[in-house]
Amino acid sequence: MSHLVLEGLGKSYGSAVAVEGLDLSVERGEFVSLLGPSGCGKTTTLQMIAGFVPVDRGRILLDGGDLVAVPPNKRGLGIVFQSYALFPHMTVAQNIAFGLEMRGIDKAERETRTLEAMALVGLKGFADRYPRRMSGGQQQRVALARALVIKPALLLLDEPLSNLDAKLREEMQSELRQIQRSIGTTTILVTHDQHEAMALSDRIVLMNQGRVEQIGAPDAVYGKPASAFVASFLGKTNVLRGTGDGSGAVSIGAFSLPIAGAGAGPVQLAVRPERLSLAAAGASGFEVRVTSRVFQGAHWLLTADSAAGPLILMRHNDGQPVPAEGETVTLSFAPSDAALLAPGDAR
Amino acid sequence: MNRALSQRATPYWLTGPALLVFLGLVVIPLAMTVLLSFYDWGQYKGIVPEFTLKNFHEIFTDSYFFEIFLRTFRIAVLVTLFCMLIGVPEAYILNRMSPAWRGICLLAIIGPLLVSVVARTLGWALLLGSTGLVNQGLMAAGLIRAPLEFMFTETGVVVALIHVLIPFMILAVWASLQRLDPQIENAALSLGAGRLTIWRRVILPQIVPGMLSGGIIVFALAASAFASPAIIGGRRLKVASTLAYDEFLNTLNWPLGAAVAVLLLAALVAITVGSNRLIERRYAQVFE
């Protein structure tokens with residue numbers, strides 16, 4: 001039995017469906033991200049787990065027990081809000097100790113655990129500071145400590161890093177990951193930032209319009225997007241039009257390669273720009289004409305036209321010659337680098 | 001040099017007109033009232049411009065005045081307390097309403113302020129009189145035998161003043177509620193706090209500034225209210241402002257009336273500034 005199981009979870013606002021048929025199993029200690037554009041239902045899902053939004057359909061099982069009927073203040077989950085939602089009239093120590101106080105833990109233990117939590121998030125010596133007098137990053141640490149000090153069964157993070165500047169966000173990302181690993185709390189992160197989701201999570205749940213598009217490890221979802229939506233949402237990608245022959249082979253012009261599951265007729269393949277390579281002389285491939293070339297330091301970004309549609313490709317700045325604008329080159333890619341997109345999912 | 005000087009003078013030129021209006025309409029009349037309160041007065045000699053503490057001595061020694069000031073204070077405190085008791089939950093509910101309903105309810109709350117004081121208070125008199133709607137209704141329902149006395153009682157004055165002044169409390173508290181982080185209740189909830197605890201530990205401390213400013217406005221307006229005590233309290237149930245009015249216009253003892261007005265003003269300033277200091281120190285962190 002998984003630690004947390006969402007079964008057919010659904011929520012509607014009037015006739016608008018916010019979340020529909022969400023199934024997800026999360027193992028103990030796992031870090032799972034709900035990723036998607038705004039309005040995809042990821043925040044609603046988190047709020048249903050937290051208990052702030054009533055569940056319309058489905059079940060939420062934590063260690064086998066259904067949470068749906070449990071009021072939010074009895075669920076014992078740790079939550080970090082986008083705005084941090086710290087209590088401005090309480091000091092850092094009072095903020096962190098609040099949850100312990102509500103649990104009727106005596107003063108001495110409250111103090112030790114508060115100090116431990118502050119040390120964990122790197123806030124030693126800030127006990128008597130008021131949140132207003134702290135930077136965004138520090139406030140975020142207080143919010144994290146406040147959520148973790150109650151030893152929650154689940155840690156829910158609602159876009160916790162979106163209010164920080166880029167540099168701080170990266171720092172906090174690695175720190176968050178390290179803290180989560182060290183205490184082993186099962187964590188669910190809601191984010192619209194693909195880099196954040198890929199950097200932090202064990203698995204990503206990609207959502208769109210209230211439905212799950214794909215669930216998997218970051219590299220698996222990135223490498224094998226299940227739909228055009230996933231392919232385009234997660235990183236840059238090329239969607240190549242080809243023709244299937246019905247026996248498991250797909251051809252793009254003269255270039256033919258085996259793709260498992262490809263049917264007969266038009267098919268679409270998603271290939272990442274960094275996986276398209278220049279074909280060696282005489283090797284099979286398809287021709288493209290380079291239309292622009294942008295130098296980006298570690299690599300070149302090229303755009304090109306082809307019979308399979310416009311595409312982008314990346315060349316590492318490894319000292320090899322780079323095709324010039326207007327030049328026609330032959331490209332190829334390995335069958336394992338292509339993901340077959342579901343038919344009718346054209347975009 | 002010259003230019004720097006004229007630049008420095010600009011703010012004075014710009015604030016000058018408003019300053020003059022303030023000086024002419026507030027400071028000078030007040031100063032004259034204060035001056036007047038130290039003048040002598042006699043039944044046959046009228047106002048005599050010579051310095052005396054007679055008026056203040058009279059007010060402080062005569063229990064008649066003491067009773068009136070005590071009543072004024074009692075009414076103001078009761079009105080402030082009830083405005084807080086009713087207004088704070090009302091503001092909280094208002095804050096959680098959908099925008100459409102909030103608009104309607106806001107109009108109902110501010111309504112009393114849109115009606116003339118006299119018309120509104122006379123309406124109260126009709127409603128609360130011994131043959132008024134409230135008493136007739138209660139008697140018809142068999143709840144009371146004899147009509148309840150609202151008119152010419154402190155209770156009546158307090159009820160009418162609460163109705164008039166509660167919008168100030170609601171609006172002040174609502175303003176501070178709007179500054180609350182919308183997720184703060186959820187945060188407290190997730191940490192295991194019940195509804196009551198959230199109110200007491202999280203929301204209330206943060207809206208103290210709003211309750212304080214609302215309280216000061218309500219207290220000051222209740223203590224210096226004239227129309228409601230005059231119409232509902234009548235001539236016998238005097239408060240400080242109706243007392244000053246009667247001294248000026250009925251007894252024609254202007255210096256004594258001025259002394260009453262000055263004492264009322266001084267007491268109001270002392271009480272509001274004092275309570276402000278006290279509460280600001282107690283809740284220093286929410287006042288930043």
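Me: Is Asp63(A) buried or exposed?
Reply: First, a word on the source: this is a predicted model, in which local features need pLDDT of at least 70, side-chain atom pairs count only at pLDDT 80 or more, and totals for chains, interfaces and linings use all residues. Residues are numbered from 1 along each chain as its sequence is written, while chains are lettered from A and ligands numbered from 1 in the order in which they are written. A residue is buried if 20 or more other C-beta atoms (placed from the backbone) lie within 10 Å of its own, exposed if 12 or fewer, and partly exposed in between. Asp63(A) has 12 other C-beta atoms within 10 Å, so Asp63(A) is exposed.

Me: Where does Asp63(A) lie, and what is its phi?
Reply: Asp63(A) sits in the loop between β4 (57-62) and β5 (65-66) of chain A; strands (E, at least two residues) and helices (H or I, at least four) are DSSP runs, numbered from the N terminus. Most residues other than glycine have a negative phi. Asp63(A) is not a glycine, yet its phi is positive, at about 50°.

Me: How exposed is Lys151(A)?
Reply: Lys151(A) also has a positive phi of about 50° without being a glycine, and its place is the loop between α4 (136-148) and β7 (154-158) of chain A. Around Lys151(A) there are 14 other C-beta atoms within 10 Å, so Lys151(A) is partly exposed.

Me: What separates the centres of domain 1 and domain 2 of chain A?
Reply: The domain assignment, automatic or from a database, gives chain A domain 1 (4-223) and domain 2 (236-340). The C-alpha atoms of chain A fill a box of roughly 75 × 45 × 35 Å along the principal axes. Taken over C-alpha atoms, the two centres are separated by 40 Å.

Me: Which helix of chain B gives the most to the side that touches chain A?
Reply: Two residues are in contact if their C-beta atoms, placed from the backbone, lie within 7 Å, and 17 residues of chain B are in contact with 19 residues of chain A. On the chain B side, α8 (184-190) and α9 (195-223) each supply at least two residues. The helix that gives the most, with five residues, is α8(B).

Me: How are α3(B) and α7(B) oriented to each other?
Reply: The axes of α3(B) and helix α7 (residues 154-178) of chain B come within 6 Å and cross at roughly 45°; axes are lines fitted to C-alpha atoms over the stretch in contact, with angles from 0 to 180 degrees between N-to-C directions. Angles under 35 degrees count as roughly parallel, over 145 as roughly antiparallel, 65 to 115 as roughly perpendicular and the rest as oblique. By that rule, α3(B) and α7(B) are therefore oblique.

Me: How are α7(B) and α9(B) oriented to each other?
Reply: Their axes come within 8 Å. The crossing angle of α7(B) and α9(B) is roughly 160°. That makes α7(B) and α9(B) therefore roughly antiparallel.

Me: Is Tyr64(B) buried or exposed?
Reply: Tyr64(B) is part of helix α3 (residues 63-96) of chain B. Inside 10 Å, Tyr64(B) has 11 C-beta neighbours, so Tyr64(B) counts as exposed.
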